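This report looks at how a ligand sits in its protein and at how two chains meet. Keep the structure in view while reading.

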Amino acid sequence: MSAIIEVSGVSKSFGGVKANADISMTVAEGGITGLIGPNGSGKTTLFNSIVGYHPIDAGSIRFRSQEISRMLVPEIARLGLLRTFQQTRIYGAMNCVENMLISIPHRKLSLMDAFGRNTAEDHERALHMLEFVGLYEKRFLQSGSLSFGQQKLLEFAMALMNEPTVLLLDEPTAGINPTLINGLIDRLQRANSEFGITLFIIEHNMRVIMNMADKIYCLAHGQMLAEGRPDEIQDDQRVIDAYLGAH
Amino acid sequence: MSAKKLVLYGTLLALTIAAPFLFPNFKTQLATLWLMIIVALSWDMTGGQMGYNSLGNIFFYGTGMYVAAVVTIGIVYDVGEYTQASGGGIYVWTWGQYFAGMALGTLAAGLFCALCAFLIGWITFGLRGPYFAIGTLGVAIAAGELVSNWEWVGGGQGISMPNYPGDFDQFKLVIYYLYAVLGVILFMFVAWLYQTRFGAAINAIRDDEGKAEAMGIHTLRYKLITWAMSAFFVGAAGAISAFQLIHFEPLETAYQTINLGIFMVVCVLLGGKGTLWGPVVGAVMFQVFKEATWNYFLGWQWVALGALIVVVVVFFQDGFMGWLRYKRPEWFGIRVESKDAATEGAS
Ligand SMILES: Nc1ncnc2c1ncn2[C@@H]1O[C@H](COP(=O)(O)OP(=O)(O)OP(=O)(O)O)[C@@H](O)[C@H]1O
Ligand SMILES: [Mg+2]
């Protein structure tokens with residue numbers, strides 16, 4: 001599998017805090033890549049660097065061989081590189097269906113299309129995706145009144161509605177009821193296999209990420225601590241130490 | 001459209017057409033009502049629907065007035081000489097020249113203001129929240145000062161439009177219908193616009209612009225287009241005002257930041273931000289209130305108006321339509337039950 005995202009030598013500091021130091025990694029096209037690490041290790045910072053939320057201090061980020069480290073958020077999103085937020089961002093005043101319809105891929109719309117109405121197909125896809133994440137029953141509820149976990153699911157459905165090439169998910173299972181987590185793993189895998197979306201996932205739940213990812217990177221203190229297949233990472237003493245705080 | 005709606009819209013349209021004959025003594029007030037509806041509806045396009053509260057839309061009103069004046073005068077006479085004479089010379093307009101000026105002037109005003117919105121927006125849309133409001137206000141204030149020092153268009157003295165070639169009562173009627181037609185077109189336009197994907201996208205910008213950007217929505221492009229469309233209608237309304245007022249000054253009339261510039265915002269707040277009918281209802285409420293206080297509480301009218309603004313801002317932030325939505329959610333298609341309506345699914 002070829003690399004669709006190539007990060008090389010990326011550094012990012014906030015004042016004195018070195019959130020990312022000389023990070024290099026790749027995301028394989030069509031696969032599921034995991035990113036783990038203790039709280040504050042710089043995972044979200046790396047996501048933000050990739051999708052253009054802040055300028056990086058050094059290094060290069062390439063998407064399909066194109067340098068994107070100087071591009072702006074909407075430009076990168078329009079390449080089909082999408083992210084969800086750790087804190088979850090949905091349009092709280094609108095109902096679920098409206099949230100879905102806003103998420104149609106605007107990058108594929110001409111201005112003429114934008115001045116048209118949503119098609120019957122858009123509506124159908126919106127409902128299908130809501131069904132896919134298990135929110136069909138709640139489709140006419142104001143999305144701001146959903147629980148945090150449901151909002152996470154809605155944001156995931158919105159991302160799928162956008163037909164991304166690569167989807168960066170920041171802790172998709174955080175706040176999801178443990179009994180629903182297996183269902184979510186299944187959906188993430190289907191998004192990958194059925195819709196062909198490359199996934200890059202930050203996750204604290206080891207069981208989840210070990211189950212899904214083809215390859216896992218582990219950050220600690222802003223540095224790349226380890227990388228490898230799930231079974232390699234699982235047995236890596238450095239990773240175990242990092243999580244147990246023996247560092 | 002349902003039969004109920006059809007009856008409602010039909011009645012309102014009939015009323016619009018008949019109003020100057022039903023209330024022949026109130027033609028000017030009715031015309032002003034339509035002006036308020038137009039500026040309120042246009043303000044709400046950015047303020048209510050897109051979340052960008054401009055305090056500078058009066059810029060487009062004033063600029064529309066001047067563009068209309070320059071075009072109307074310019075197609076017949078030399079503008080510099082005309083303003084130099086400031087009413088002293090003999091300048092006459094034929095019917096044809098007058099209406100040609102009106103048509104071209106109004107169109108040019110709208111287009112020029114749309115272009116201005118594009119350029120100003122390019123700079124000011126980097127600003128958020130109160131900074132955008134103040135930034136746009138600054139543009140309007142600066143423009144008023146600049147124009148009042150520009151002798152070619154009459155400077156601080158202002159500029160005079162040609163007199164209507166027919167009789168005065170007919171003139172009032174013409175002005176009323178011009179506003180009304182523009183207002184009806186604008187209402188139909190936004191009613192359509194808010195149903196499109198574009199409309200949904202500007203709502204997304206209002207609710208969470210960062211999220212909209214992250215989803216790849218062309219935020220800057222959509223913001224510029226929205227403001228340009230809004231500016232077009234304000235500019236065209238300004239052009240009609242120029243013909244209506246005949247003589248106008250830059251600071252007191254054209255770029256009147258504290259009167260009309262604020263009134264349009266008050267109308268929207270009264271009626272309800274971000275709703276289709278809010279600005280219309282608000283403009284009616286405002287106009288009735290204003291006429292009443294100006295007639296019956298003369299001397300206290302500004303106090304009454306100030307009090308009204310305070311009451312609305314403190315107690316009715318969502319305006320009339322917001323209150324109605326709270327009282328009658330079912331009228332707005334809000335369903336609290338979630339398990340109904342398998343049939344309504346693909347509405
Ligand atoms: N915008 C910012 N300004 C200042 N410091 C920041 C900013 N963003 C992140 N940091 C700092 O960078 C470090 C890494 O933060 P980051 O959010 O990337 O961690 P994380 O690995 O995602 O943690 P978590 O698992 O808790 O989400 C932290 O010390 C954090 O305080
Ligand atoms: Mg994080």
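## The shell around ligand 1

In chain A, β2 (17–28) and α1 (43–50) each supply at least two residues of the shell around ligand 1. Helices (H or I, at least four residues) and strands (E, at least two) are DSSP runs, numbered from the N terminus. The largest contribution to this shell, three residues, is made by α1(A). The model is predicted: local features need pLDDT of at least 70, side-chain atom pairs count only at pLDDT 80 or more, and totals for chains, interfaces and linings use all residues. Residues are numbered from 1 along each chain as its sequence is written, chains are lettered from A and ligands numbered from 1 in the order in which they are written, and side-chain values use heavy atoms, with hydrogens and water left out.

Ligand 1 is surrounded by 14 residues, the closest being A:Lys43, A:Thr44, A:Thr45, A:Gln86 and A:His204; a residue is near a molecule if one of its heavy atoms lies within 4 Å of it. By type, the shell has four nonpolar, eight polar and two charged residues. Here Ala, Val, Leu, Ile, Met, Phe, Trp, Tyr, Cys and Pro count as nonpolar, Asp, Glu, Lys and Arg as charged, and the others, Gly among them, as polar.

## Oxygen atoms of ligand 1

A polar side-chain atom of A:Thr45 lies 2.5 Å from an oxygen atom of ligand 1. For A:Thr44, an N or O atom in the side chain is 2.7 Å from an oxygen atom of the ligand. A:Gly42 takes part through its backbone, with an N or O atom 3.0 Å from an oxygen atom of ligand 1. Taken alone, ligand 1 exposes 630 Å², and the protein buries 61% of that (Shrake-Rupley method, 1.4 Å probe).

## Where chain B meets chain A

How many residues does each chain bring to the contact? Chain B gives 34 and chain A gives 37, where contact means heavy atoms within 4.5 Å. About 3,200 Å² is buried between the two chains, 58% of it from carbon and sulfur atoms. Buried area is the accessible area (1.4 Å probe) that two parts lose on being put together, summed over both. On the chain B side, B:Arg197, B:Lys211 and B:Met215 lose the most area to chain A, together 27% of what that side buries.

Three salt bridges are counted between the chains, each a side-chain nitrogen of Lys or Arg within 4 Å of a carboxyl oxygen of Asp or Glu. One salt bridge joins the side chains of B:Arg197 and A:Asp122 (2.6 Å, N to O).

Note on methods:
Polar contact = N/O pair within 3.5 Å; in protein donor to acceptor, adjacent residues only side chain to side chain.
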